[in-house]
Amino acid sequence: MRAQDSATATRTIAVTATGDSGTAHGARAGSAPTAGIQPGDATPRSATVPTGATVPTGAANPAGAAAAGDATGSRTDPLPRGTLLAGLGVAAFSLTFPSTVWGLESFGPWSLVAVRSTLAALVAGAFLLVGRVPLPERRHWAGLAVVAGGVVIGFPLLTTLALQTSTTSHAAVVVGLLPLTTAAFAAVRTGRRPSRTFWLAAVSGAVVVIVFTLQQSGGAVSRGDLYLFGALLVCAAGYTEGGRLARLMPGWQVIGWALILCLPLMAAGSAVALTVEPVRLNAHGVIGLVWVAVGSTFFGLYVWYRGMAAIGVPKASQLQLAQPLLTLLWSVLLLGETLPLAAPIAAVAVLVCIAVTQRAKS
C-alpha cells in the first residue's frame, strides 16, 4: 500500500510567472496565457503534477522555462539588451538636428513639422494594419495624448523654430538638460526615488554638457533659447509617459498610436502650411525630411521606448547625455561646422557620468 500510495501521490510545484520587462511581451497582442498562470498575477500559482511524471522540454510553459533558466544560471540579463535599444534611439535622435537643418533648406518650419509627422504616422499606420493590432484600451489614450503632444508635436515644432536662429551646437543644450528633466518627471510620475549617487552623476553630466555647449555658443539667452527650454519640458513629459506605456504594450505601438492620434491634425496642417510657406526641393531637404520622419520620429522612438521599458526611465534618460556630443560630430561631418577642441574632454566626462548612472541603484 505504501508503495502504491507513493506511486500515485501528487506533489505541488510552485510556478512563478516572470515578465519580460525588457520588451513588454506580456502585453503583446496575440499572446495566450499559460494554463494556471493569468496575466498580471503577482503571486505564484500551483500546478498539480503526479509523482514520477515528466515535463517535456520546450513545453508551452514560459514561466517554468524561465524558472529553470534561473536555476541553471543560463537566463540572459535583459539589461544589456535594453541599454543597446535605448542607445540606438539616442544615435537616431542625435541626427535629428542636422537633418532638421537640411530639411529647412527645402521647407518652412511649419511645413517640415507637419509633413514629417504625417509621413511618420502613415508608416506607423501601415505597421499597425499589417500586424492587425487592436485599438488601445480607453485608459491608455490619455497617456498617448501626452506622448503625442510632447514628442510628436511639441518637441519637433519648438526645436525646428529654434534652429532657424540657433546653431545645432547651441540647440544641443536642450538635449544635455533632457536626461535630468526626464528623470525628474519620472520620479514625480512613478513615485520612484533614485539614489543620491544616481542624482549626483546625473546632475554632474548635465552640468558638463551645459557648460560645454553654452561656452561654445556664448551663453546668450534669445528667443531660440525659450523655444528650446519649452521643448525640453514637453519632451521630458512625453518620454516619461511613453516609457510607462511601453511596459504595458510594445514600444512601437506606443509611438504608432501617438502618431495616429496626431494624423488628422498634421495632415490638415501639411495642406495649409505647404500652400503658405515656399517649397524649394533639393537633395538635402528631401533626405532631411525622410530622416526626421522615419529615422527619428518612428524608428528612434520605437527602440527608445523599448529600451526604457527594459532598464527604466531614469537610467535610459541618462544615456542621452552622449547625444549632444554625437550631434556635434554629425554637425561636423554633415554641416561642415568646426569641432570644438573641448569636445574630447567633455565626451570622456559624460561617458563617466553615464557609467555611474547605469550602475547606481534606481
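This is a predicted model: local features need pLDDT of at least 70, side-chain atom pairs count only at pLDDT 80 or more; totals for chains, interfaces and linings use all residues.

Modeller: Residues are numbered from 1 along each chain as its sequence is written, and side-chain values use heavy atoms, with hydrogens and water left out.

Biologist: At what angle do α10 and α11 cross?
Modeller: Roughly 135 degrees, with the axes of α10 (residues 251-276) and α11 (residues 283-311) coming within 7 Å. Axes are lines fitted to C-alpha atoms, for helices over the stretch in contact, and angles run from 0 to 180 degrees between N-to-C directions. Helices are DSSP runs of H or I with at least four residues, numbered from the N terminus.

Biologist: Which residues of α10 and α11 make the contact?
Modeller: From α10, Gly251, Trp252, Val254, Ile255 and Leu259; from α11, Thr297, Phe298, Leu301, Tyr302, Tyr305 and Arg306. Contact means heavy atoms within 4.5 Å. By class the contact of α10 with α11 has eight nonpolar, two polar and one charged residues. Here Ala, Val, Leu, Ile, Met, Phe, Trp, Tyr, Cys and Pro count as nonpolar, Asp, Glu, Lys and Arg as charged, and the others, Gly among them, as polar.

Biologist: And α7 with α9, what's the angle there?
Modeller: Helix α7 (residues 168-190) and helix α9 (residues 223-245) cross at roughly 40 degrees, and their axes come within 8 Å. The residues of that contact divide into 15 nonpolar, four polar and four charged.

Biologist: New topic. How many residues of α4 are buried?
Modeller: Seven of the eight in α4 (residues 96-103). They are Thr96, Phe97, Pro98, Ser99, Thr100, Trp102 and Gly103. Buried means under 20% relative accessible area, exposed over 50% and partly exposed in between, with a 1.4 Å probe and protein chains only.

Biologist: Leucine 161, buried or exposed?
Modeller: Buried, because its relative accessibility is 12%. Leucine 161 lies in α6 (residues 141-162).

Biologist: What is leucine 161 in contact with?
Modeller: Pro109, Trp110 and Tyr227, leaving aside neighbours within four places in sequence.

Conventions
Helices (H or I, at least four residues) and strands (E, at least two) are DSSP runs, numbered from the N terminus.
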